[in-house]
Amino acid sequence: MKWQGGRRGGNIEDRRGMSGGQKMTLGGIGGVIVLIIGFLMGGDPNEILNQMGGSQQQGTVNEQGEYQSTPEEDKLMDFADVVLASTDDVWTKIFQENGKSYPKPTMVIYTDAAQTEGCGMGQSAFGPFYCPGDQKVYLDLSFNRELAQKYGAKGEFALAYVIAHEVGHHIQNIFGVLSQTNALRSKLSERENNKISVMTELQADFYAGVLGSSLE
């Protein structure tokens, strides 16, 4: 896909080199795959999640505690910025056409784990995710390697679609879908909870397709 020279939104929060914590946070591509498997097979998605391996840092931390990125990671950082800006452009236009203002999300780029506001500690082992509490998308850039090696999804478009999927969760949050589904969870069985989770992820995929149709 063509992205070099594209507009960068700069709405990126760089937390690479900062890590810690163990709490899992759902809402990412890992959640999509695991929840669908768990729902179709009648198993417990959390058990499968716990078996998933973590990602590796692409850069290193020097003796001064400064994060040193690689050229590959720098390219991915620019790419993620352009893709997020593209989602901002697409959804801003759609919201404006309907007389509304689009609240742009922030993307947090991190390694290993990241603390959120309202969603606990998220880990890169479970894939990219969105936190409705702070309206931020969280992404460990090493997931790009996992897309190719673990999921067989190679190429730049795959990562762009993942980012667009997490922005899809942001759209759901704006419309109140996430709060509604969370309110239902305490009233339903585990199987019904899994069904709603899968439906929520599929809707986020639909919203991701809005961006996908505009990319070459």
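Reader: Is D14 buried, partly exposed or exposed, and what is its relative accessible area?
Author: This is a predicted model, to be clear. D14 is partly exposed, with a relative accessible area of 39%.

Reader: Which residue forms a salt bridge with D14?
Author: R16 does. The closest N and O atoms of the two are 2.7 Å apart.

Reader: And R16 itself, buried or exposed?
Author: R16 is buried. Its relative accessible area is 13%, and the cut-off for buried is under 20%.

Reader: What does the side chain of R16 meet in the salt bridge at 3.6 Å?
Author: The side chain of E73, with 3.6 Å from N to O. R16 sits in the loop between β1 (12-15) and α1 (29-41), whereas E73 belongs to helix α3 (residues 71-97), so the pair ties together parts that are 57 residues apart in sequence.

Reader: Is E73 buried or exposed?
Author: Buried, and R16 is too.

Reader: How many salt bridges does the structure hold?
Author: Four. One of them joins the side chains of R15 and E13, at 2.8 Å from N to O.

Reader: Which residues are linked with R15 in a network of salt bridges?
Author: E13 and K136 are linked with R15 there. R15 counts as buried at 15% relative accessibility. E13 is partly exposed, with a relative accessible area of 25%.

Reader: Switching topic. How many disulfides are there?
Author: One. The disulfide joins C119 to C131, and the S to S distance is 2.2 Å.

Reader: Where do C119 and C131 lie?
Author: C119 is in the loop between β5 (113-115) and β6 (121-123). C131 is in strand β7 (residues 129-131). So the pair ties together parts that are twelve residues apart in sequence.

Reader: Right-handed or left-handed, and why?
Author: Right-handed, because the torsion about the S-S bond of C119 and C131 is about 95 degrees.

Reader: Is C131 buried or exposed?
Author: C131 counts as buried, at 0% relative accessibility. C119 is buried as well, with a relative accessible area of 15%.

Reader: On to the rings. How many aromatic pairs does the count come to?
Author: Ten. Among them is the pair of F175 and Y207.

Reader: What is the geometry of F175 and Y207?
Author: Edge-to-face. The rings are 6.4 Å apart, centre to centre, with 70 degrees between the planes. The cut-off for edge-to-face is over 60 degrees, so this pair qualifies.

Reader: Which helices do F175 and Y207 lie in?
Author: F175 is in helix α5 (residues 156-175) and Y207 in helix α7 (residues 190-212). The pair therefore ties together parts that are 32 residues apart in sequence.

Reader: Buried or exposed, for Y207?
Author: Y207 counts as buried, at 12% relative accessibility. F175 counts as partly exposed, at 44%.

Reader: Which residues do ring pairs link into a cluster with F175 and Y207?
Author: W91, F95, Y102 and F206.

Reader: Last one, T200. Where does T200 lie?
Author: In helix α7. T200 is buried, with a relative accessible area of 9%.

Reader: What is T200 in contact with, leaving aside its neighbours within four places in sequence?
Author: H169, Q172, L178 and T181.

Terms used: Residues numbered from 1 in each chain as written. Predicted model: local features only at pLDDT ≥ 70, side-chain atom pairs only at ≥ 80, totals over all residues. Heavy atoms only, no water. Disulfide = S-S within 2.5 Å. Helix = DSSP H or I, 4+ residues; strand = E, 2+ residues; numbered from the N terminus. Buried < 20%, exposed > 50% of the residue type's maximum accessible area, 1.4 Å probe, protein only. Phe/Tyr/Trp six-rings, centres within 6.5 Å; stacked < 30°, edge-to-face > 60°. Contact = heavy atoms within 4.5 Å.
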